[in-house]
Amino acid sequence: MDIQKQITVTAPLLPSLDDFLPYLQDIWERKWITNNGYYHQELEKALCEYLKVPYISLFTNGTLPLICALQALRITGEVITTPYSFVATTHSLWWNGIKPVFVDIDSDTCNIDVDKIESAITPKTTAIMPVHVYGKPCDVKRIQEIADKYGLKVIYDAAHAFGVEVDGRSVLEVGDMSTLSFHATKVFNTVEGGALVCCDEKTKQRIDYLKNFGFAGETTIVAPGINGKMDEVRSAYGLLNLKQVDKAIEARRKVAVCYREVLRDVPGISFMEDMPGVRHNYSYFPVFVNAEKYGMTRDELYFKMKEHGVLGRRYFYPLISEFSTYRGLESARLENLSVACKIADSVICLPIHHELGVEEIDRILSLIVL
Ligand SMILES: *Cc1c(COP(=O)(O)O)cnc(C)c1O
């Protein structure tokens, strides 16, 4: 066992305390600490501008906007989704009494395989819930064509896609709605937090009702809403973090460049390149281990790294479809998801964050280069 300091897969982007204290002081003076306060409104405005989206509604985490998006669009029956994601994607369907229908993924992007969506559509299908996995944009054009053809809604779980743009336009603008997570481990965080992006004012209003118990006035309830509100303290924290997120993304990009330079020459290790015309956020750096060519299985490498204090993560293993809640579904059968299975068994996400230094990167790479 190495006595060196552990290297974690990510590190939270934190605003400086010196900057944060005056904001806290101001909140204390205002004595308005939640329910669409000053900082909540400021952060929504600032995020619309930064993300180049028309309407955003802040939430207390990234799971509730998924649940509320399904409520707002009145989605029922079956929803087509991917097994290769964080469990919250599918859990949001379960909490709405919706049956998830898993479709296999594309081996190049790890996103839902658009060629396999149509054959999963049944008379009960009402929507598609794709995920921009690792912040790599889905084939949004094809997905919209299929949705239009069959009259389906599209809700993107864009938890990984903060700030991602395609040809200068936000990837959050496509589909009916997109959701974000501002969890501590994400590129942009508010400790815990999240948001729902939509395209018109009426929808934004409805979302704002839904996240506040359905209150549309002092004594008027327009829907069986939930409590999903973000508070003033975390909104202020978010405003400060937003000012430094570009710098953090640039630091992450440099880490990715270092990894690629060295790993390009390692047989049996593959990784993803940048896509043309895309502004990436470098939220994750997945590598895929081909055990035969590399001479070691994914788990052997994963545990070797762990033993030496390098904590990669097997995102996403196991597949969501393998958890007991979902295992019994017809679409969870392994033969339906052979690409996703193969990728889940070969992936390790290497540490990547704004503070990762050259020495640490070398230490990580020396464990992988045999
Ligand atoms: C992080 C994440 C979520 C949930 O976000 P929370 O803020 O932790 O609730 C949802 N989907 C994906 C793909 C995520 O990575």
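A polar contact, as the term is used in these legends, is a pair of N or O atoms within 3.5 Å. The structure shown in every view is a predicted model.

View 1. Thr63 takes part through its side chain, where a polar atom lies 2.6 Å from an oxygen atom of the ligand. Ser181 likewise uses its side chain, with an N or O atom placed 2.7 Å from a ligand oxygen atom. On its own the ligand has 380 Å² of accessible area, and the protein covers 92% of that area.

**View 2. The residues that surround the ligand.** The shell around the ligand is made up of 14 residues, and the closest are Gly62, Thr63, Asp157, Ser181 and Lys186. Sorted by class, this shell has 9 polar, 3 nonpolar and 2 charged residues.

**View 3. Lys186 and its surroundings.** Lys186, which is among the residues closest to the ligand, lies in the loop that runs between strand β8 (177–181) and strand β9 (194–198). An unreviewed UniProt entry places the feature "active site" at Lys186, and the feature "modified residue: N6-(pyridoxal phosphate)lysine" is also placed at Lys186 by UniProt in an unreviewed entry. Lys186 counts as buried because its relative accessibility is 16%, and buried means under 20%. When neighbours within four places in sequence are left aside, Lys186 is in contact with Ala159, His160, Ser181 and Tyr284.

View 4. Tyr315 and Phe316 are joined by a cis peptide bond, for which omega is about 5 degrees, and Phe316 is placed in the loop between helix α9 (298–307) and helix α10 (324–327). The peptide bond from Tyr317 to Pro318 is cis as well, with omega near -10 degrees, and Pro318 lies in the loop between α9 and α10.

View 5. Lys31 is not a glycine, yet it has a positive phi of about 55 degrees, and it lies in the loop between helix α1 (17–30) and helix α2 (38–51). Its relative accessibility is 72%, so Lys31 counts as exposed, a term that requires over 50%. Asn36, also not a glycine, has a positive phi of about 55 degrees and is found in the loop between α1 and α2. With a relative accessible area of 41%, Asn36 is partly exposed.

Definitions and conventions. Residues numbered from 1 in each chain as written. Predicted model: local features only at pLDDT ≥ 70, side-chain atom pairs only at ≥ 80, totals over all residues. Heavy atoms only, no water. UniProt positions renumbered as here; feature names shortened; annotations may be inferred. Helix = DSSP H or I, 4+ residues; strand = E, 2+ residues; numbered from the N terminus. Buried < 20%, exposed > 50% of the residue type's maximum accessible area, 1.4 Å probe, protein only. Contact = heavy atoms within 4.5 Å. Near = heavy atom within 4 Å. Polar contact = N/O pair within 3.5 Å; in protein donor to acceptor, adjacent residues only side chain to side chain. Areas by Shrake-Rupley, 256 points an atom, 1.4 Å probe, with all protein chains shown as cover. Nonpolar A, V, L, I, M, F, W, Y, C, P; charged D, E, K, R; others polar.
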